[in-house]
Amino acid sequence: MAARRKLISLCMIVKDDEQGLARCLRSVQGIVDETIVVVDSSSVDRSADVARSYGAHVIERAWTGDFAAARNAGLEVARGEWILILDADEEFSEVTAASLRPLALDGHSVAGWLLPVWNMLGTDEEDGATINPVLRLFRNDPNHRFEGRIHEQIAVAILRANPDARLALGEVIIRHYGYRPSVVAEKNKIRRNMELLLQAVEEEPDNPFHRYNLGVEFLRAGRPLDALLSFREAKKTPSFNQLSYAHLVCKYEVRSLHSLGRWKEAVDAAEEGIRLFNDYADLWHTLAESMSRIGRRHSAIMAACYALRIGQPKGIYHTEDGMGSHRTAYMLGILYEIAGSYDAAAHWYSTTLTMKPSLLPPLHRLCRMFRVVGRSSELPVMIERRFTLSTEEASIKIASVLLDSGCTAEAILWLRRRAAEPAWGTASSSWLVLAEASHAAAEGHLAEACRRAIRAIGAVSSETPGAVAGARAGDGASASASASASASARYSSGEYGAAAAYERLTSLRRWLRAVGVGSDEEFGGVDAGSLPLSSTDEENGASSAGYGLAPIMKGAVSTNDAGLLEQVLKQVLASVADGTDAAAQSGSAALAAYADCHLGEAERLLAARTASSATRQVLRSVRLLLAGCERGE
């Protein structure tokens with residue numbers, strides 16, 4: 001029987017990354033015909049064993065400080081018709097992986113394929129990514145060898161061997177996790193890269209590619225002035241605009257100026273880059289950012305609209321996820337919001353969510369903005385009209401954002417409007433109880449909030465099933481009883497499950513008890529502090545440990561009880577000083593609620609007399625700032 005045709009050989013270099021290597025090799029199962037892994041002989045983990053367990057040919061080789069040499073060691077023994085290059089901290093996107101072999105089978109006129117590498121910047125897609133088309137699949141030829149001590153390249157050798165060689169763009173997505181901040185810090189990549197690049201610059205001082213890469217590392221290291229100088233050195237190269245990465249040099253020059261706060265220069269640099277690359281949405285986006293910082297908001301809006309018209313960059317352009325799409329739409333929302341055009345801002349926040357439904361910041365800003373300008377009552381109907389929500393989790397996610405934005409009455413209305421839908425379930429009932437208790441606290445009915453929280457917690461503690469019908473009817477007492485749920489549903493996992501609602505209720509109850517509102521004995525003897533809410537309570541407890549302090553603060557201010565207010569303020573300061581992020585955020589939110597209430601008093605006083613538009617603008621800006629709506633974060 002004839003041996004199977006070796007179409008694709010995967011060639012890798014690895015050092016101390018057994019977990020990443022296993023993930024990578026799993027993603028290529030059934031796609032490659034041969035795997036060759038060059039392992040640094042000084043590795044101390046099980047990388048070599050993991051590679052062999054997936055059938056790889058392992059070459060143990062001492063590290064010489066030269067990435068190209070390490071890559072070429074694998075190419076020397078590869079027998080496939082095509083070479084695929086991956087790193088241990090990468091994997092194929094499951095959705096597009098099956099398209100790789102057709103590229104090799106049908107690529108008779110192609111010498112190599114550039115594949116989009118998504119450099120993930122966080123733990124999930126909401127944290128964003130940069131997208132770089134990189135030559136990762138090319139024909140196996142003795143003349144095709146990597147060059148460069150670091151950021152090694154193969155295209156130069158391919159084109160040298162055949163100047164007419166065609167390099168095409170493929171759509172097989174590679175996800176790269178190596179530039180997440182935690183990974184960069186753990187592996188000290190910045191220092192390693194910088195040492196190799198400085199050596200490369202010394203060896204080839206006129207090579208602009210080294211200058212460009214050094215600038216990128218300076219930016220990562222928090223040295224924007226050094227980065228700026230490095231990018232400007234790269235721009236001095238003759239025929240600079242012909243370099244394949246020239247558009248990136250222009251963009252990162254603007255980013256360096258942003259970090260330095262040199263906004264006017266950033267505008268000039270972005271406009272200079274646009275003259276060279278007029279169809280590059282990233283540069284239009286950064287121009288809009290720069291213009292907004294120097295007060296040219298109308299021009300910023302025009303630049304952002306042009307970026308949206310261009311759309312997400314394609315082809316050879318390196319880009320960031322959302323440029324020319326959801327990130328630009330989100331920026332337009334912020335620009336219109338700051339200008340006081342709230343309906344336009346609402347449109348762009350909604351558009352952002354249409355483009356990328358998983359994003360929460362635009363929804364937070366929409367809810368906070370409408371609360372600040374006194375239009376929060378419009379939110380339930382607006383959200384209902386603009387978004388299609390087919391699952392219970394999606395509906396609860398909206399309720400969660402409304403609660404976190406201080407729109408407690410709207411959260412209740414939103415959930416009650418969902419009660420007749422098929423997606424209503426135990427989790428929805430639990431979140432309705434939470435919304436009712438939170439609203440009672442925010443309205444100053446702290447004892448009522450306490451009763452609702454303890455009644456729900458007591459029902460869970462006794463494992464008494466509740467009646468969902470009562471919650472559907474909107475009756476507070478019935479809704480509280482319905483929240484009791486069965487044991488299996490009560491411990492449902494996830495940020496928007498029933499357990500998460502009870503966790504928040506418990507936190508609200510703890511804060512109420514801390515400020516002297518009610519007692520457990522008074523409401524049935526339930527010990528809120530001893531109730532286990534989920535199997536992952538230790539992991540998730542910190543996330544909502546301070547939940548409830550902001551509505552309690554608001555309620556304390558509304559009751560105008562000096563003694564209670566003093567007690568709450570003490571708890572706020574203790575929370576801020578606690579040391580945990582959750583507690584500090586809770587205390588900060590409570591202080592913002594306190595300031596927000598007093599700003600309301602100032603606005604009522606201004607309404608009683610003639611006040612300048614400038615004064616009213618200052619008050620509006622302060623309230624937006626307190627709500628987190630005056631920044632782009």
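A crossing of two helices is left-handed if the near helix is turned anticlockwise from the far one by less than a right angle, and right-handed if clockwise. The crossing of α10 and α12 is left-handed. The structure is a predicted model, in which local features need pLDDT of at least 70 and side-chain atom pairs count only at pLDDT 80 or more, while totals for chains, interfaces and linings use all residues. Residues are numbered from 1 along each chain as its sequence is written, and side-chain values use heavy atoms, with hydrogens and water left out.

**The chain as a whole**

- The protein chain holds 30 helices and ten strands; helices (H or I, at least four residues) and strands (E, at least two) are DSSP runs, numbered from the N terminus.
- The chain has 633 residues, and 54% of them count as buried. Buried means under 20% relative accessible area, exposed over 50%, and partly exposed in between, with a 1.4 Å probe and protein chains only.
- Among contacts (heavy atoms within 4.5 Å) between residues at least 6 apart in sequence, 65% join residues at least 24 apart.

**Helices α10 and α12**

- Helix α12 spans residues 281-293, and α10 packs against α12 at an angle of about 20° with the axes 10 Å apart. Axes are lines fitted to C-alpha atoms, for helices over the stretch in contact, and angles run from 0 to 180 degrees between N-to-C directions.
- That angle makes α10 roughly parallel to α12. Angles under 35 degrees count as roughly parallel, over 145 as roughly antiparallel, 65 to 115 as roughly perpendicular, and the rest as oblique.
- On the α10 side the contact is made by C250, K251, V254, R255 and H258, and on the α12 side by D282, L283, T286, E289 and S290.
- By class, the residues of this contact are three nonpolar, three polar and four charged. Ala, Val, Leu, Ile, Met, Phe, Trp, Tyr, Cys and Pro count as nonpolar, Asp, Glu, Lys and Arg as charged, and the others, Gly among them, as polar.

**H247 in helix α10**

- H247 belongs to helix α10, which covers residues 246-260.
- H247 counts as buried because its relative accessibility is 1%.
- The H247 side chain reaches the backbone oxygen of S244 at 3.3 Å.
- Not counting residues up to four places away in sequence, H247 touches F277, Y280, I316, Y317 and H318.

**Helices α19 and α20**

- Helix α19 (residues 408-418) and helix α20 (residues 426-442) have axes that come within 8 Å and cross at roughly 155°.
- This crossing angle makes α19 roughly antiparallel to α20.
- The crossing of α19 past α20 is left-handed.
- From α19, the residues T408, A409, A411, I412, L415 and R416 make the contact, and from α20, S428, W431, L432, A435, E436, S438, H439 and A442.
- The contact of α19 with α20 has eight nonpolar, four polar and two charged residues.

- K397 lies in helix α18, residues 392-404, and is partly exposed, with a relative accessible area of 21%.
- Leaving aside neighbours within four places in sequence, K397 is in contact with L360 and Y496.
- K397 and G497 are 100 residues apart in sequence, and their C-alpha atoms are 9.8 Å apart in space.
- A344 has its place in helix α15, residues 342-355, and is partly exposed at a relative accessible area of 24%.
- A344 and I334 are ten residues apart along the chain, with 9.8 Å between their C-alpha atoms.

How values were computed. Polar contact = N/O pair within 3.5 Å; in protein donor to acceptor, adjacent residues only side chain to side chain.
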